[in-house]
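Here is my notebook for this one, friend. I looked things up in turn and wrote down what I found.

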Amino acid sequence: MIRFTKLARVASALITPLTPEDFLALFNPVYSSRQLRGVVTRVVRETEDSATIHFRPGHGWHGHQAGQWARIGVELDGVRHWRSYSLSNAAGHDPAITVKDAGAVSHVLVRDTKPGDVLFLAPPQGDFVLPEHPRSLLMLTAGSGITPVMSMIRTLVPRRPDADVVLINSNSTPEKSLFREELDELADQFPNLTVRHWFTSARGRLEFTAKAIADLCPDWRTRAAYACGPEGFLNAAEELWEREAALETARTVPSITAGAEAQSTRTGTLTIERFTTDLTAGAGHDGGLVTFEQSDREVQADGDTPLLDIGEDAGILMPSGCRMGICHSCLIPLRAGQVRDLRTGELHNEPGQLIQTCVSAAAGPVNLDL
Amino acid sequence: MTTTLTRPGALAASGHPLVRPDAAKHLTDEQVEELGRELDAVRDEILAKRGATDAAYIRRVIKVQRSLEFAGRGTLLFSKYKAAWVAGTAMLSVAKILENMEIGHNVLHGQWDWMRDPDIHSTTWEWDFVTPARSWQHTHNDLHHRWTNVIGKDRDVGYNLLRMDPDQPWRPFNLGNPLYNAILAPVFEWGIALYDLEIPEYKEGLKSKEAMNRDLKAVGVKVIKQFSKDYAATPAVAMLTGSGKQALYGTLAANAIRNFWAHAVIFCGHFPEGTDTFTEEEVEGETRGDWYVRQMIGSANISGSKFMHLMTGNLSHQIEHHCFPDLPSNRYAEVAVKVREICSRYNLPYTTGPLPKQVGSTWAKIFKLALPNRKPKTA
């Protein structure tokens, strides 16, 4: 944000410990020295329960690659919550996310967001991106799994006549199918895109067998494949690709070491994007495996011992203070998993949330940033 | 921040301290336990209600404070005009008081951490006060709030300077008690910065050399920034309008006003007549209920208007703040009704009074304790 660095430095001397952003925020909420923010510019309803939210990010954002996602924070009853959403628009354009109303955060995004609202942001990231060199592609998507792939298609198809993309897009009904009209129009307009809609209400679940896929895309084996969708959909896709690779290895390759390399040249690779990394939470007082990520330590914890004690017993240098939940000296960011507040029983499972280790116990697996 | 005071583990699950303080002698273990449960319930009730309106409250206070800071300092740039000097100094004084008390003190307590907003968080906040936020959090949030009024443990009882309790041994040095306090008031922020360095602890070998060096460095950086902001940068810019000297007087006055005010309010927290201090025997074996009792009988409130509560950072609800240091300050007023009712039901003192009365009571104690204790009458 600071283009006039020198001026800002002079200003800082007058307002320390505040920053110029703290004052600019009085006039424009996009300013903050600690937290990347964006202002919603447009909200477009896509289907009955989904919407695309366009936003103008503040200083600190970098342009996304097609297929990447970003963490988006919104406030629910005064508390900031974060979720990750794929960016659905073409690379090089102002960012937009397409959100399906499926939980507390996405509900607020889809139903209550309006232009002018502030979104909290983290810069785009992710490896689910287009290959570096031109290849023929097969996209497999289900439900809102289309969002990162939509970004890829919008980026690639209109600009690269040499592209060759086949999309198999599974949805329950045409009405619930995100971007259906735009996809059909693109396919009409550009010969380098083929769209195969699969509606489960009419045809049942899309089976991941070599035959079923070949019916939709005969040369699927030669394509670099990308899949995004619910857990079951991705697992089925993975199994098919593994089965095919194993068959080929058995058929043609005598040496095991050569086999590993042969796989990548013969069957196309499958790149997948999962919506959630599933750390299954324990029920209440079960405790769980506590991982101190920076210290590279794992400790089994019961559900009633404060994480502070667990860490100290494991020889971790834990920040600590009053040990009774009042002084907030012991805060550590939660990386993943779930903890229970021993005073109230409240569960906390928001990645990035700072937790009071002196009054929190493991409620399922817990990863801590320490 | 790694002084090695012996830490008792968490509070005892049941039982009672070796000695229960006089004001609570009439209570049985069961009664104290029940009192603890009642106060826990008060806390839970607020946690359940806490939400968007509270978040809006602190953001509004911050917005008002920053606007006042901006306008006050801006006006001081033209302070060769008397009206500008008065208005600028007044706005800056109020901004500094709000920043230190209703915002800084409470944010640094973690009262607003639940919003998960990195801009308003105990781990990121730095305040317009000489002592670095992290040092203060250690001596205040951890040591003072845990050991509230325990002689020998809570050094806030007199800040290593004043004799504030008859149980502190008298030395000839204490004859200067009123004088020291009078000198401390206008430079309170510097006194606290010095206090937070924990020099006696360092001399006693309770604080490591590394910790001392780190704290010295932190306070040094902070001193330079704070000093140059108010006494160099602001007057320098004001010189452009020929108001350099007046602007310097303005920032000096604003800091002094804030210091007087903070000193007065903070000294009313634990020193007025009616507040108790404690021995180590009285905390040994303390349960949650006993901990609450100690916080309540060791603290004093200030009665007054809503504006008064705002300007004291709700430390006018010191009793409630000490029971629940990390509940948002805007909720203390409603908590106070319940805490007061609980105190009266359990027949415990609940000390409160208007500011002049509490300030007078504190000063009376400071004068009285300048002299040695009178010999107890023989029974």
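I began with contacts: two residues are in contact if their C-beta atoms, placed from the backbone, lie within 7 Å.

**Ground rules.** I am reading a predicted model, in which local features need pLDDT of at least 70, side-chain atom pairs count only at pLDDT 80 or more, and totals for chains, interfaces and linings use all residues. Residues are numbered from 1 along each chain as its sequence is written, while chains are lettered from A and ligands numbered from 1 in the order in which they are written.

**Confidence in chain A.** I checked pLDDT, the predictor's confidence in each residue, from 0 to 100. Its mean over chain A is 88, and 92% of the residues reach 70 or more. Residues 254–266 of chain A have pLDDT below 50, and this stretch has nine contacts in the model beyond near neighbours in sequence. I also noted residues 277–282 of chain A, where pLDDT stays under 50 and the model has 14 contacts beyond four places in sequence. Where pLDDT is low, the predicted coordinates should not be read in detail.

**Chain A overall.** I took helices (H or I, at least four residues) and strands (E, at least two) as DSSP runs, numbered from the N terminus. Chain A has ten helices and 17 strands. Its C-alpha atoms fill a box of roughly 65 × 50 × 40 Å along the principal axes. For burial I used C-beta atoms placed from the backbone: a residue is buried if 20 or more others lie within 10 Å of its own, exposed if 12 or fewer, and partly exposed in between. Of the 370 residues in chain A, 39% count as buried.

**A sheet in chain A.** Strands pair here if DSSP finds at least two bridges between them. I found an open sheet of five strands in chain A, with parallel pairing and the order β9-β8-β7-β10-β11. β9 (193–199) and β11 (270–273) of chain A each have a single partner strand, so one side of each is left without a neighbour in the sheet. The twist from one strand to the next averages 15°. Within the sheet, β7 (residues 136–142) and β10 (residues 224–228) of chain A pair in the parallel sense over five bridges. I followed Leu137(A) to its bridge partner in β10(A), which is Ala224(A).

Helix α4 (residues 146–156) of chain A lies across β7, β8 (164–171), β9, β10 and β11 of chain A, at about 155° to β8(A). Helix α5 (residues 180–189) of chain A touches β8 and β9 of chain A and makes about 145° with β9(A).

**A cis bond.** Which residues does a cis peptide bond join? I found Thr16(A) and Pro17(A), with omega about 5°. Pro17(A) sits in the loop between α1 and α2 of chain A.

**Where the chains meet.** The contact takes 26 residues from chain A and 41 residues from chain B. On the side of chain A that touches chain B, α1 (5–15), α2 (20–24) and β4 (79–86) of chain A each supply at least two residues.

**Helices in chain B.** I found that the axes of α8 (residues 209–238) and α9 (residues 244–270) of chain B come within 8 Å and cross at roughly 145°. The contact includes Tyr231(B) and Thr234(B) of α8(B), and Leu248(B) and Asn255(B) of α9(B).

Helix α6 (residues 188–196) of chain B has seven of its nine residues buried, among them Phe188(B), Ile192(B) and Tyr195(B). Their cover includes α4 (133–146), α5 (177–184), α8 and α9 of chain B. After α6(B) comes Glu198(B), with a positive phi near 55°.

His309(B), in helix α11 (residues 306–311) of chain B, counts as buried because it has 22 C-beta neighbours inside 10 Å. Asn160(B) has a positive phi of about 65° although it is not a glycine, and is partly exposed, with 14 other C-beta atoms within 10 Å. Asn347(B) has a phi near 60° and is exposed, with 11 such atoms within 10 Å.

Methods:
Axes fitted to C-alpha atoms, helices over the stretch in contact; angles between N-to-C directions.
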